[in-house]
Each structure stands twice: as structure tokens, then as C-alpha cells.
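Please look at the following notes with the model open beside you.

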Amino acid sequence: MYTIIQNTKISTNVGKIVIEAPYIAQHRKAGQFVIIIVDEVGERIPLTIADADKEKGTITLYYQIVGTSTHKLSLKKEGEELYNVAGPLGHPTDIHNYGTAVCVGGGIGIAAVNPIAVAMKEAGNYCINIIGARNKELLILEQELKVKSDQIIVTTDDGSYGIKGFVTDELKKILDSRKVDIVVAVGPVPMMKAVSELTRTYNVKTLVSLNSIMVDGTGMCGGCRVTVDGKKQFTCVDGPEFDAHLVDFDELMKRLNTYKDQEKESFEKHTCQLEKYHGR
Amino acid sequence: MADKIPRQKMPQQDPAKRIHNFNEVPLGYDENTAVLEASRCLQCRRPTCVEGCPVNINIPGFIKALKEGNPLEAFAVIKQTNSLPAVCGRVCPQEDQCEKLCVLAKKGEPVAIGNLERYVADFEREKEHYAFQKVKAEKGKKVAIIGSGPAGLTAAGDLARMGYSVTVFEALHKAGGVLVYGIPEFRLPKDIVQYEVDALKAMGVTIELSRVIGTAETVNDLLSSGFDAVFVATGAGLPLFLDIPGENLQGVYSANEYLTRSNLMKAYRFPEYDTPIVKGDRVAVVGGGNVAMDSARTALRLGSKEVYIIYRRSKKEMPARIEEVERAEEEGIIFKLLTNPVRFIGDEKGRIKAVECIQMELGEPDASGRRSPIPVKGSEFIIDIDVAIIAIGNGPNPLIPKTTPGLDTTKRGNIVADPQTMKTSKRGVFAGGDIVTGAATVIQAMGAGKKAAKAIDEYLSTGVW
Ligand SMILES: Cc1cc2nc3c(=O)[nH]c(=O)nc-3n(C[C@H](O)[C@H](O)[C@H](O)COP(=O)(O)OP(=O)(O)OC[C@H]3O[C@@H](n4cnc5c(N)ncnc54)[C@H](O)[C@@H]3O)c2cc1C
Ligand SMILES: Cc1cc2nc3c(=O)[nH]c(=O)nc-3n(C[C@H](O)[C@H](O)[C@H](O)COP(=O)(O)OP(=O)(O)OC[C@H]3O[C@@H](n4cnc5c(N)ncnc54)[C@H](O)[C@@H]3O)c2cc1C
Ligand code: SF4
Ligand code: FES
């Protein structure tokens with residue numbers, strides 16, 4: 001059903017997977033995501049659709065290996081199947097010709113910002129991409145984003161590649177030097193919060209794609225709720241993109257910690273089983 | 001004579017044991033008990049019980065067959081009007097439907113119609129396995145059904161039998177709607193729902209899982225891509241919240257999320273299953289319906305030590321089935337009645353640690369005829385908890401109405417449909433179940449599915465809207 005065409009590690013803890021999912025490939029738009037279940041006992045995890053090939057009927061996802069599910073996903077081999085892939089979910093990004101667009105991607109968020117950047121460019125925007133990671137090893141999609149933009153800036157926290165520093169430092173330089181009509185930022189919550197605080201002072205419209213914990217992804221459970229402009233919104237159906245200047249990032253950060261202890265328990269059990277399996 | 005035999009009790013799992021497992025609580029009648037209970041039926045010439053059943057099962061008919069030692073024939077009688085008897089026998093609020101109108105109810109205890117229905121359906125499923133035959137889609141017309149809850153599944157079965165080619169689109173990865181994600185295993189084993197879904201598939205119904213209509217393809221897209229009619233049966237799946245401070249703390253759940261994690265995703269078997277759930281030692285469930293009882297009893301089974309039901313009216317007004325309230329009491333759930341939460345209190349990490357409540361008293365009857373609760377000034381008090389579950393009801397999911405121009409909805413967002421034909425304001429589109437009525441019952445949703453199937457057949461045969 002959802003056959004894996006390719007599954008490769010592209011850096012220490014990031015994998016790229018291409019899956020056969022013709023319906024999703026046919027219908028998806030930039031900014032949308034899927035919910036996958038790796039195997040029968042698996043949980044439902046949301047991943048952004050980074051790319052799709054309509055002819056071949058495949059979609060491409062990038063995943064950061066952080067816990068049980070993403071680790072299990074990284075162990076899946078070409079030719080094997082995923083238990084379930086649901087989508088496309090969420091609103092597509094509001095793409096049109098704004099003028100100058102700056103797309104900011106942090107860490108695994110670069111995968112999510114990629115299709116948006118491409119669509120922004122195709123819509124006629126002058127497109128500047130800023131991507132950043134903790135170090136060179138964690139940087140993904142640089143080549144792809146380079147050829148599909150007017151300008152690309154790369155930062156690493158430790159200076160092992162590109163400019164040493166944060167994406168926000170570079171964004172500030174751009175905002176100081178030219179007119180920017182829209183900023184789209186996807187990455188860890190603290191990074192999106194920092195971008196938002198920065199662009200607020202410049203009064204530049206900013207979109208962020210939120211990564212709340214989800215279950216169904218259809219607006220049924222309310223688990224993905226976030227506060228935007230003081231109102232309750234469901235990330236899966238009202239988002240995942242929201243006006244950055246209205247999002248309560250602190251609340252989101254706290255909610256993301258809900259399962260910290262249990263994720264540890266699950267991961268320990270999972271790795272322990274793997275060890276048994278490998279006869280260690 | 002018949003009224004001399006007392007109503008046969010349903011054997012149950014011992015409360016002390018059952019709070020530690022997810023196995024079914026009522027164990028079902030054995031053959032002798034079933035026949036004995038069946039013999040209580042007076043075989044009324046004008047059976048009022050039938051009127052109480054939203055799908056008008058021939059109740060005396062099936063009970064007679066059962067009494068005469070013919071459970072399979074009894075099954076066939078039920079199946080004429082009800083496609084999910086094993087489900088209804090378990091979850092119908094019989095005391096408000098068929099059994100309420102049973103003649104014996106006037107003098108004493110009504111015939112245990114639900115228990116008998118369950119017996120008959122279980123007998124068939126466990127012992128006989130009805131041979132479901134593939135039916136030919138000879139009508140050459142296609143019907144799309146959105147949602148695989150009781151309304152959708154019932155319409156699918158009826159339409160397939162009439163010769164239509166039927167495709168059911170379901171957003172989740174399992175079919176069954178609330179029956180699989182909401183109602184817990186200890187009340188409705190998921191194998192039973194799967195059996196019914198498999199039966200539909202064997203008949204030739206196509207079920208497309210993980211297909212959310214409204215995000216990529218809309219109702220209009222379905223109509224223009226070759227479906228001749230659409231039945232919208234998307235249920236009431238939008239969790240309502242209290243909108244009080246602290247509701248977004250870690251550990252505050254909607255009942256939908258809590259139950260979905262536990263039932264559909266099997267979090268009760270974490271970490272064997274990957275989906276986590278916050279277990280909590282002290283759990284407060286806000287609400288007084290079936291959903292609240294299910295949540296509270298699930299929490300107990302997940303290992304919580306103290307579980308509270310916080311309900312703002314008195315027990316008399318509780319919308320939950322009496323049977324379920326009694327079971328919850330037997331299991332040790334603590335009822336905080338005439339109590340309403342005013343805010344949730346968190347620790348510095350944003351995790352819930354307590355709920356502040358206020359005492360209520362009952363005032364004059366409101367529009368619903370129930371006495372309305374009024375807060376007692378200065379009566380606030382705090383209960384320490386580490387999980388809160390909000391079970392105060394569900395609204396209609398807005399996805400389909402929002403993406404279907406020309407589809408009229410009520411102020412609350414429910415789809416407007418003719419109560420007889422389930423026709424909506426949009427040609428070729430029918431709707432039924434909780435999306436039309438608001439949260440109701442399984443059998444009412446099934447009744448709507450049946451009416452819709454009949455009306456769809458009429459529409460597609462005559463072309464008249
Ligand atoms: C709309 C959306 C799109 C996303 N797109 C991508 C993507 O393209 N690539 C990608 O790698 N990740 C993406 N995520 C995040 C991804 O879903 C989580 O990383 C994943 O669920 C973790 O699963 P796990 O079992 O491996 O880790 P877990 O064991 O569940 O968690 C390990 C760690 O990850 C954190 N975590 C758990 N769930 C999430 C979450 N939903 N978001 C952020 N952190 C989380 C936990 O706090 C914990 O510290 C997206 C999330 C959303 C909501
Ligand atoms: C916890 C709980 C306990 C209950 N207990 C009882 C009980 O004891 N007795 C009783 O009679 N009733 C009970 N009910 C009520 C009963 O379950 C519902 O009235 C009934 O399930 C409604 O059926 P439905 O077919 O209208 O919708 P649902 O069962 O809600 O099914 C709707 C389906 O549509 C799917 N869907 C929604 N939107 C889309 C979309 N856009 N695209 C594709 N699919 C979509 C959903 O995923 C879902 O599977 C309970 C309800 C709950 C929540
Ligand atoms: S379907 Fe429900 S209402 Fe009808 S006879 Fe059975 S239990 Fe009673
Ligand atoms: S994930 Fe359940 S409502 Fe969004």
C-alpha cells in the first residue's frame with residue numbers, strides 16, 4: 001500500500017524517505033502535512049510533505065530522529081511498507097506574489113520550509129532563503145534551496161559551516177537593508193518565537209508553521225490546540241500556519257513537553273528490544 | 001404467569017477485578033438464561049416496544065424465535081431492520097427506548113430486550129458466521145459516504161444490498177467512528193465492530209481509510225468525479241471546552257483525545273503500543289454523560305487511584321445511562337455533584353496540579369426543562385489532580401460545511417437535513433447522524449442511515465430531487 005521507495009540517512013539524525021502515496025502526491029500543496037503510522041503498534045505522527053512527484057505517485061518526507069517512532073521509521077527498508085499514511089492534511093500556505101519573501105528554516109524545519117520557498121519563488125516573489133542548524137552535520141537541503149531561490153544564506157551555531165550565528169542575526173541584516181513583504185519561518189519553537197519578535201519590530205507579516213502534538217489531525221481530538229490572538233485554534237485544521245505575531249509560543253513550548261517522561265520510557269523499551277534482536 | 005419470572009440479571013465481571021483490565025464488563029447471558037428471559041415476553045398483539053426502537057425491530061418476532069430455540073432465525077428477524085445488533089444490544093439506552101415502552105415496565109421490570117438482542121447477535125457471530133455474500137452492484141450508480149460511524153455503515157449496507165456501488169471515505173485509519181475511537185473496549189469490544197465492517201467489505205462495499213474529505217477533495221469534487229449521490233455522516237467530532245483559565249495546561253484533555261489515545265491507539269498498552277497517555281493518580285472528569293463515564297472508567301483502568309466526576313447538576317439530571325452510572329459507582333468513581341470547575345491550576349512547568357471548583361444549587365427549570373445550576377457565592381474549593389478530562393459535549397466538525405458551498409447549516413453548525421429523507425439544501429447531497437442532530441445515539445444515527453439509503457435509492461431511480 002504505502003511502499004517505501006527509498007529511505008536514506010542524510011545526516012547524523014535526519015532521514016529522507018520517499019513513499020508511494022499516489023493520492024497524496026496528486027493533491028498536496030505547499031504547507032500541508034501527512035500523518036504516518038510506522039507499524040501496527042505505532043502512534044500517529046505528523047510530518048510535512050517536503051516534495052511530491054505526481055507522475056510517479058510518490059511523496060518525500062524528511063524526519064529528525066528524536067524518539068521511538070522516528071527511530072523505527074529510520075530502520076524501515078526500501079520495499080517495505082508503512083502501516084498508514086493519511087493526508088494531505090492542514091491548510092496549504094497562502095502563496096501569492098507578495099514581492100520579497102524571506103523563508104527561514106531551522107534544523108528539520110528546513111524540510112518544511114522547502115516546498116513553501118519553492119512555491120513562493122514560482123509565484124514570482126524575490127525569494128531569499130535563510131537556513132540554519134546547530135552544526136554542518138545537521139544542515140539539510142542546501143543545494144535544493146540554493147537553485148530554487150534568488151539568494152541563500154546559511155548559518156551554523158558553532159560556525160562549522162556558513163556564517164557563525166543564528167538565522168535571526170542574518171534576518172535582521174536583511175530587514176535593515178531592504179524592504180521585505182513576508183517572512184515564513186519554520187523550525188524549533190524558540191527559533192520561531194525569536195523570528196516573530198524580530199519581525200514584529202519591523203512590522204513585517206510573518207507566518208510560522210506550528211508543530212503541536214497531534215493525534216487524529218482532523219479536528220476531532222483538540223490535542224493540537226494552540227492560543228492564537230487569544231483564541232483557541234486547532235493546529236491540524238486551522239493551521240498548521242498562523243500569523244506569528246499572534247501565537248502564544250510559551251504555551252506551545254510547555255504543551256510539547258507533555259509526554260517527555262513517557263517518550264523516554266518508550267524509547268528505552270524500544271532500544272532494549274533492538275539490542276535483544278541483535279543478540280547483544 | 002410470565003410476569004412471575006423476574007428479569008434475568010446480566011452476569012458481570014467483579015468490580016474489584018474489572019477496574020484492572022479492559023475486558024468487557026457485562027458477560028452476556030448463557031442459553032438457559034436467554035431463553036428464560038425470552039419467555040417473559042407477553043407477545044403483545046400491539047407491541048409498543050417496537051415503537052420505542054428507532055429502527056422498529058420486530059421485537060416480539062425475534063424474541064419468539066429465540067424462545068423456541070431458534071437463535072439464528074431470531075438473528076435473521078433482527079437483521080431485517082438493524083445491521084449492527086451486537087453493537088446496539090450493548091450500547092443502546094434501552095431504558096429510554098424499547099424497554100421503556102414494554103408493557104411489563106408498567107407493572108415491574110421490562111423484558112431485557114437489549115440483553116436478548118446481544119445474545120442473539122453474539123450467538124451468530126461466535127457460533128455460526130453468517131455467510132455474507134457479495135452483492136452485485138447492478139444499478140450502475142455510485143454513492144459516496146463520508147464517515148464510517150453507525151450512520152455511514154448502515155447506509156452503506158442498505159445501499160449495497162439495493163445494488164449500488166458504494167464507497168465509504170473515512171478520515172481515520174480504522175472504520176467505525178465513535179464505536180472504535182470513543183466507546184471503550186470494556187463496553188464494546190473492537191472485534192465486534194471490525195466483524196461488521198468486514199461483513200460490509202465482503203458484500204462489496206469499498207472502504208477508503210485515511211481519506212479526509214474537505215482538505216484535498218471536496219463534496220463537489222466527489223459529485224463531479226462520478227458519484228451520483230453523497231451521504232455526509234461525519235458525526236459530532238468537535239470537542240467543546242469549558243473556556244476557563246488553565247485549560248491548555250499539560251494533562252488537560254478533551255474526552256475525545258483521551259479516549260482516542262486509549263481506544264483507537266491502545267495507549268492502555270503503552271509502551272507495547274507507542275502512543276502515550278498521561279496516567280495520573282488523581283483524575284477529574286468534567287461532565288455527566290456517557291462520554292464522561294467512559295472517560296472516568298478508562299482512567300481507573302489506566303491505574304489512577306482517585307477518579308472524580310465533576311457535574312454541575314444533580315444525579316437526576318445526568319444524561320448518562322443509569323446502567324453506566326451504576327457501574328461507575330460500583331467501581332469506586334467519586335461523584336462531585338452540583339459542582340463546577342472555575343479554573344485549572346498548574347505548576348511552574350505548565351503541568352496541571354489542581355482544579356478550583358464552585359458549589360452549585362438548582363434554580364428554575366431552563367429551556368431544556370432541567371433546573372438550571374447557579375453558583376453558590378463564596379463556596380470555592382480546590383481538588384488536587386494531575387489529569388483533567390473535559391467531557392462536556394461535542395459540536396459538529398466544520399470541515400465539510402466550510403468546504404461545500406450551498407450546504408445549509410444551523411446556527412450551531414449542524415447540517416440541515418429533512419428528517420424523513422435526509423436531503424440537504426444541495427442537490428444529490430444527503431446528511432444524517434450526529435452531524436445533523438448533534439450528539440445523539442448509535443441507533444438514531446443508524447435510523448438516519450436507513451432513511452438516507454431509502455431516499456437515495458428513490459432519488460437515483462427517479463431523478464427527482
Ligand atoms: C504539522 C507538523 C509537521 C511536522 N513536520 C515534521 C517534519 O517534516 N520532520 C520532522 O522531523 N518532524 C516534523 N514534525 C515533528 C514530528 O511530528 C515529531 O518529531 C515526531 O512526532 C516525534 O516522534 P517520535 O516518536 O520519534 O519522538 P517522541 O518520542 O514522540 O518525542 C521525542 C522528542 O520530540 C519532541 N516531540 C514530540 N512530538 C513532537 C512534535 N509533534 N513536534 C515537535 N517535537 C515533538 C518531544 O518533546 C520529545 O522531546 C512535525 C510536526 C507537526 C505538528
Ligand atoms: C465516548 C462516547 C460514548 C458514547 N456512548 C454511547 C452509548 O452508550 N450509546 C449510544 O447509543 N450512543 C453513545 N454515544 C453516541 C454515539 O456514539 C453517536 O451518537 C454515534 O456514533 C453517531 O454516529 P455517526 O455515524 O453520526 O457519527 P460518528 O460515529 O461520529 O462517525 C463519524 C465518522 O466520520 C469520520 N469523519 C468526520 N469527518 C470526516 C471527513 N471530513 N472525511 C472523512 N471522514 C470523516 C470520523 O472520523 C468518524 O469516523 C457515545 C459517544 C461517545 C463519544
Ligand atoms: S436496537 Fe436498541 S432500541 Fe431497538 S430493540 Fe435493540 S436495544 Fe432496543
Ligand atoms: S490533532 Fe486532533 S484536533 Fe488536531
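1. Fourteen residues, written 14 in the count, line the second largest cavity, and B:Cys41, B:Cys44, B:Cys49, B:Cys102 and B:Val111 lie nearest its centre. A cavity is a set of points, on a 1 Å grid over the protein atoms alone, where a 1.4 Å probe fits but cannot get out; lining residues have an atom within 4 Å of a point. This is a predicted model, in which local features need pLDDT of at least 70 and side-chain atom pairs count only at pLDDT 80 or more, while totals for chains, interfaces and linings use all residues. Residues are numbered from 1 along each chain as its sequence is written, chains are lettered from A and ligands numbered from 1 in the order written, and side-chain values use heavy atoms, without hydrogens and water.

2. The second largest cavity holds about 110 Å³, a volume being the space filled by probe spheres set on grid points joined across faces, edges and corners. Helix 4 (59-67) of chain B gives the largest share of its lining, three residues.

3. The largest cavity has a volume of about 150 Å³. Among the residues closest to its centre are A:Arg255 and B:Glu257.

4. Helix 13 (255-264) of chain B supplies at least two residues of that lining; helices here are DSSP runs (H or I, at least four residues), numbered from the N terminus.

5. Around ligand 3, B:Cys53, B:Cys92, B:Gln97, B:Cys98 and B:Glu117 come nearest of 13 residues, each with a heavy atom within 4 Å.

How values were computed. 1 Å grid on protein atoms, 1.4 Å probe; cavity = no way out; pocket = protein on both sides within 12 Å on 5 of 7 lines; lining within 4 Å.
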